[in-house]
Amino acid sequence: MTKTIQALYSGEPLENELLDIEFPNQCPYCNTGIEAKHLETYIATYNNVSSLYSLFFCPKCEHCFIAIYDYSNPYPTRIEILPNSRNKTIFEDKIQNLSSDFVSIYNQAEIAEQSGLNHICGLGYRKSVEFLVKDFSIHNNPNDTESIKSMTLAQCINKYIKEDKIKTLAERSVWIGNDETHYVRKHDDRNISDMKQFIKALVYFISMTLVVEDAASMNPKK
């Protein structure tokens, strides 16, 4: 959608110009389709190249963001929106309540991967598995909380994870994650994509276990 706005010259605050610019139709924070609210636009020139910097407000998540336009011709062309849009996995409430740290760490690893930081995002995914598995183990064994926190992840999996599917997925996710931290890989045929698939399945089976646990807590009504 194109609208007319008033742009201010950064070096001459008393001067302004009416310009037609294309408004963003998606918020880079919440990734929601929106009708952005324009707040301010400034014209800045550097090395004889002029650009527009427009500040917008998202009515959905109430964040502000910036759209940058090339102003080298009479019709400004949008070239970038800041911050860059990030797609984060949304986890259901049962997982969020079980391990909010897992959700936070996993989402940060996604941001690193989307930013092209492929050499470090694997470490983040591996760390997220540790928090998920240990928080799940603590949930099932609250009396052993301090012991679970201090032991290695491999020890935790071997001692406290009884379900075969969850154990297999956790172990294999850790194997790939460990490869991301070492000079020599032990599993050359596997990569971060495989690890993310294993974590996705791991989350599913843990979530289903929590659902069954919730159902079992119901008492029959007389």
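**Calls and cut-offs in a predicted model**

Student: Which residues does Met151 contact beyond its neighbours within four places in sequence?

Tutor: Leaving those neighbours aside, Met151 is in contact with Lys134, Cys156, Lys159 and Tyr160. Contact means heavy atoms within 4.5 Å. This is a predicted model: local features need pLDDT of at least 70, side-chain atom pairs count only at pLDDT 80 or more, and totals for chains, interfaces and linings use all residues. Residues are numbered from 1 along each chain as its sequence is written, and side-chain values use heavy atoms, with hydrogens and water left out.

Student: Where is Met151, and how far is Met151 from Lys134?

Tutor: Met151 lies in the loop between helix 4 (145-150) and helix 5. Helices (H or I, at least four residues) and strands (E, at least two) are DSSP runs, numbered from the N terminus. Met151 and Lys134 are 17 residues apart in sequence and 9.5 Å apart in space, C-alpha to C-alpha.

Student: Why is Met151 called buried?

Tutor: Met151 has a relative accessible area of 13%. Buried means under 20% relative accessible area, exposed over 50%, partly exposed in between (1.4 Å probe, protein chains only). So Met151 is buried. Its contact Cys156 has 0% relative accessibility, so Cys156 counts as buried.

Student: Why is Ile66 called partly exposed?

Tutor: Ile66 has 33% relative accessibility, so Ile66 counts as partly exposed. Ile66 lies in strand 5 (residues 64-70).

Student: How do you know that the length of helix 6 agrees with its residue count?

Tutor: The expected span is 1.5 Å times one less than the number of residues. Helix 6 (residues 164-179) has 16 residues, so it should span 22 Å. Its end C-alpha atoms are 23 Å apart, which agrees.

Student: What covers the buried residues of helix 6?

Tutor: The cover includes helix 3 (121-140), helix 5 (153-160) and helix 7. Among the buried residues of helix 6 are Ile166, Leu169, Ser173 and Gly177.

Student: What makes Ser207 buried?

Tutor: Its relative accessible area is 1%, so Ser207 is buried. Ser207 sits in helix 7 (residues 192-216). Not counting residues up to four places away in sequence, Ser207 touches Glu92, Lys94 and Ile95.
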